[in-house]
Amino acid sequence: MIDISKKEVWFITGSQDLYGPETLNQVAENSTIIAEKLNDSKLIPVNIIFKPTVKSSEEIYETLTAANQEKNCIGIITWMHTFSPAKMWIRGLTVLQKPMLHLHTQFNRDIPWGTIDMDFMNLNQSAHGDREFGFMVSRLRKNRKVVVGHWSADSVQKKIGDWTRVAAGWDDWQGAKFARFGDNMRFVAVTDGDKVEAETIFGFSVNTYAVGDLVAVINSISGDAINSLIKEYEASYHMADSLLEGGKDRQSLIESARIELGLEKFLVDGNFKGFSDTFEDLHGIKQLPGIAVQRLMQKGYGFAGEGDWKTAALTRAMKVMGSGLEGGNAFMEDYTYHLDPIEPRILGSHMLEVDPVLASNKPTCEIHPLSIGGKADPVRLIFNGRAGTSLVASLMDFGNRFRLLINKTIGEKIVEDLPNLPVARVIWKPLPDFETACSAWILGGGAHHTCYSENISVEQMEDFAEMANIEALVIDEDTTIRNFKMAIRTNEAFYK
Ligand code: MN
């Protein structure tokens, strides 16, 4: 359900009329080559669309307002091949609503030492043209990404590509709808927040839907559809014996499939990108949705448990950002600790809803009792997470601002059997070390719910926070508690 390949980023080159047609033709030719090469780059997952050179306030305004209007345009790249006096950019930049990347590059990589003359100098002016442009963007206090280096370099194209993924995640939020079945889990603080402010800042809406309306859809699912989904389960997972045809829990599997099909139909019919539910409000649903939610998350829906709409939305955006890459982005909860003094670790999981995008092995499909909620035993998928670099990110409402908290982590291969643990799980070590990371997370007011990512960088999450114009705090290999506290204090003043 997620496809960012049709999205566009417009490549806009700035100049001015002063140079005359010969130079401007050369500017247009060179810009076309750069835009084409970026478009062809395997490191950039979206289309890079060349736009004719802008040379006046009017052309700039028209191009940037057109970018605002174009549905597929998720952002713009600007570059000043020559000098482009930046007062010309004020009107356009003031109304620009799409994310911007300022590519500080030059058409020629090397100075042609033996032949360089004033014609070369006048054509290759981005060294000072981009500074003039940069001043104006800073003067207007606009957030943007700056990428520096020759456009042909893989490292530059990778940075551009990573940023277009972030822009795609941001674009996905604009007008997105998230469904909430029931309210927040009673008395829980960190997962709640201001949905009006969230819609204003982030662009997505969160609205509640009656569980009874969902139950009506679940009950409308046909037996044929259920049978074919059960065949899919049997082909995809190691099935517990009791769930097989004739087994004592077969009826529970049928119920699970009915719930999955009903939930999916509800989400598809309402054009939702994600949802949340709560075990405290499931009237008419026989089990807390387990395998249903797991498989819908794997398909690309954002989800978080207990009414946590912020983590559901964040997980959806991160799934978009990481689409097509190895590894996954998944709803996660810091569940329990291994407090070994040498190798302390965190076991991440949830009651049921762990996303199979993280599975290192073919999941088993099992049924076990759930100790809370008072419902029938739910069916769930059980698997182990993978080893590798990762991060956790969490979004909190601090009253006067949203805070995105990011912690770099290292996923570990699970070698123990865990025969009595009936949920999927992931084990990781947080950076810089367990003690510092957990202290900082708690001082930063970080939630127990996160999105765990195996393919998004801290830099991308920081860029995402800048697009949203919200606070970002990072816990990584450079973090000390003293500096982290200082960042919190500084931000308290900044956001006052
Ligand atoms: Mn939870």
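Task: Decide whether Asn 469 is buried or exposed.

Solution: Asn 469 is exposed, because its relative accessible area is 57%; buried means under 20%, exposed over 50% and partly exposed in between, with a 1.4 Å probe and protein chains only. Asn 469 sits in the loop between α14 (458–468) and β19 (471–475), where helices (H or I, at least four residues) and strands (E, at least two) are DSSP runs numbered from the N terminus. Its phi is near 60°, a positive value in a residue other than glycine.

A word on the model before going on. This is a predicted model, in which local features need pLDDT of at least 70, side-chain atom pairs count only at pLDDT 80 or more, and totals for chains, interfaces and linings use all residues. Residues are numbered from 1 along each chain as its sequence is written, and side-chain values use heavy atoms, with hydrogens and water left out.

**Exercise 1: the manganese site**

Task: Find which residues are the protein donors of the manganese ion, and describe where they sit.

Solution: Start with the donors, meaning N, O and S atoms within 2.8 Å of the metal (3.2 Å for Na, K and Ca); water is not among the atoms, so sites may look incomplete. They are Glu 306 (OE), Glu 333 (OE), His 350 (NE2) and His 449 (NE2), at 2.1 to 2.2 Å from the ion. Next, read their spacing along the chain: E-x26-E-x16-H-x98-H. His 350, in the loop between β12 (345–349) and β13 (364–367), and His 449, in strand β18 (residues 449–453), are 99 residues apart, so this pair links distant parts of the chain.

Now check accessibility. His 350 is buried at 2%, and His 449 is buried at 0%. Glu 306 is buried too, with a relative accessible area of 10%. Finally, look at the backbone of Glu 306: this residue lies in the loop between β10 (302–305) and α12 (309–321), and its phi is near 60°, a positive value in a residue other than glycine.

**Exercise 2: α9 against α10**

Task: Work out how the axes of α9 and α10 cross, and which residues meet.

Solution: Two packed helices are described by the angle between their axes and the distance between the axes. Here the axes of α9 (residues 223–236) and α10 (residues 250–269) come within 9 Å and cross at roughly 105°. That makes α9 roughly perpendicular to α10. Axes are lines fitted to C-alpha atoms, for helices over the stretch in contact, and angles run from 0 to 180 degrees between N-to-C directions; under 35 degrees counts as roughly parallel, over 145 as roughly antiparallel, 65 to 115 as roughly perpendicular and the rest as oblique.

For the contact (heavy atoms within 4.5 Å), α9 supplies residues including Leu 229 and Tyr 233, while Leu 253 and Ala 257 are among those of α10.

With 15 of its 20 residues buried, α10 is largely enclosed by the rest of the structure. Within α10, Phe 266 is buried at 11% and touches Phe 181, Tyr 209, Asp 213, Leu 214, Val 217 and Phe 272, not counting residues up to four places away in sequence.
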